[in-house]
Amino acid sequence: MLEVKNISFSYTPEKKVINSVSFNLEQGKMMALIGESGSGKSTILKLIYGILSSEEGEIYYNNTKLLGCKENLVPGEPEFKYLEQDFGLMPYSTVGENVGNFISNINRGEKEERIKFLLNLVEMTDYINMKANDLSGGQKQRVALAKVLAHPPLLLLLDEPFSQVDTFKKNILKRAVFDFAKENNISIILATHEVEDAWAFADEMAIIKDGKIEQKGNPSYIYNNPENEYVAHLFGEHTIFNKENEPEIFEEIEEDRILVYPHQIYIADEGLKVKILRSYFLGSHYLIECINKLNRIWFTCPIFLFTGQEFYIKVNKYQKISN
């Protein structure tokens, strides 16, 4: 088990970029760190891996204290793998050489089979003899994923690992990598701003803001129970309703302020009157942007609605919101 206990860190004396962060991660589980750029996600990964040393707090793995770069001659924990945003590939070596560099040479046949297996996992088999420097950004990212899995680690630290991968390949690649990790009991900490990764794959998620954890827990629970509007805004479009401004919404609701996701609003014969601003086609449905006197509102609809049309809306579900 990984135990992160009240770690803090600063690059300059003026400001802590990580402030009393704590969480535990069981072996074989996956945690997603979700937050905006600059929130501290990458720094947390570097502190766990040992590239940086925490100024306060402690990190333990299986009850052994991790010492960080100040007390290790070679930074980085040997049983952990860290995939940075710059990939860390050898530019003038081939794809196969980059992946095979971390595989034992004792049995050459087994090594070649292992390289082919890993490249097939990330759909890069056809590029085995190409120099890494000649690959696109997305291709380099896929090779880097194969490289960190060459010798399966106990803990895999991933920093925006799919950011440059083509959209149509992303989901296939994510399923392949995360399924491989589950099958091999590899723990994962994923730093990302793509919240869909947490919903689909993570056992736990932690929302990071200004170096602090705003909320942590099961992804489904956090989605349905965001502690504040910052947490909710990471999940996409939403609407905040206030009883004082939109009393029509609150006829059967006791709260004074609620948060509502687009799929929780529907068109009704009565309720809050809104005017349509725009319909966005999203494949299976439309995302509707509309407005009433005081508020911009988002809801989903199976059909296109024309700009200027007026409707009444109600909510069938909502989230309590504190601030």
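Tutor: The bridge partner of D159 is A191, which lies in β8. D159 itself belongs to β7, the strand that covers residues 155–159. Strands here are DSSP runs of E with at least two residues, helices are runs of H or I with at least four residues, and both are numbered from the N terminus. The model is predicted, so local features need pLDDT of at least 70 and side-chain atom pairs count only at pLDDT 80 or more, while totals for chains, interfaces and linings use all residues. Residues are numbered from 1 along each chain as its sequence is written, and side-chain values use heavy atoms, with hydrogens and water left out.

β7 and β8 (residues 187–192) run parallel and are joined by 5 bridges. Two strands pair if DSSP finds at least two bridges between them. β7 also runs parallel to β6 (residues 80–83), with 4 bridges joining the two. In that pairing, Y82 stands opposite L157 of β7.

β7 is mostly covered, as 5 of its 5 residues are buried. Buried means under 20% relative accessible area, exposed means over 50%, and partly exposed is in between, with a 1.4 Å probe and protein chains only. In a regular strand the side chains alternate between the two faces of the sheet. In β7, L155, L157 and D159 point one way, L156 and L158 point the other way, and all are buried.

E160 is located in the loop between β7 and α5, and E160 has a positive phi of about 45° although it is not a glycine. Most residues other than glycine have a negative phi. E160 counts as buried because its relative accessibility is 10%. A second case is E123, whose phi is near 55°, also a positive value in a residue other than glycine. E123 sits in the loop between α3 (108–121) and α4 (137–148), and it counts as partly exposed because its relative accessibility is 37%.

β7, α5 (residues 167–183) and β8 make a right-handed β-α-β unit. Right-handed means that, with the strands pointing away from the viewer, the path from the first strand over the helix to the second runs clockwise. The axes of α5 and α3 come within 9 Å and cross at roughly 135°. Axes are lines fitted to C-alpha atoms, for helices over the stretch in contact, and angles run from 0 to 180 degrees between N-to-C directions. R114, F117 and L121 of α3 make the contact with L173, A176 and F180 of α5. Contact means heavy atoms within 4.5 Å. By class, this contact of α3 with α5 has 5 nonpolar, no polar and 1 charged residues. Ala, Val, Leu, Ile, Met, Phe, Trp, Tyr, Cys and Pro count as nonpolar, Asp, Glu, Lys and Arg as charged, and the others, Gly among them, as polar.

The whole sheet can now be placed. β7 is part of an open sheet of 6 strands with mixed pairing, in the order β6-β7-β8-β3-β9-β10. β6 and β10 stand at the edges with a single partner strand each, so one side of each is left without a neighbour in the sheet. Neighbouring strands of this sheet are turned by 15° against each other on average, direction ignored.

At the β10 end, β9 and β10 run antiparallel and are joined by 5 bridges. K209 stands opposite K212 of β10. The hairpin of these strands has 2 residues between them, and D210 takes a positive phi near 50° there. G211 is also found in the loop between β9 (204–209) and β10 (212–217). G211 counts as buried because its relative accessibility is 0%. Leaving aside residues up to four places away in sequence, G211 touches V17, I18, N19, V21 and S39.
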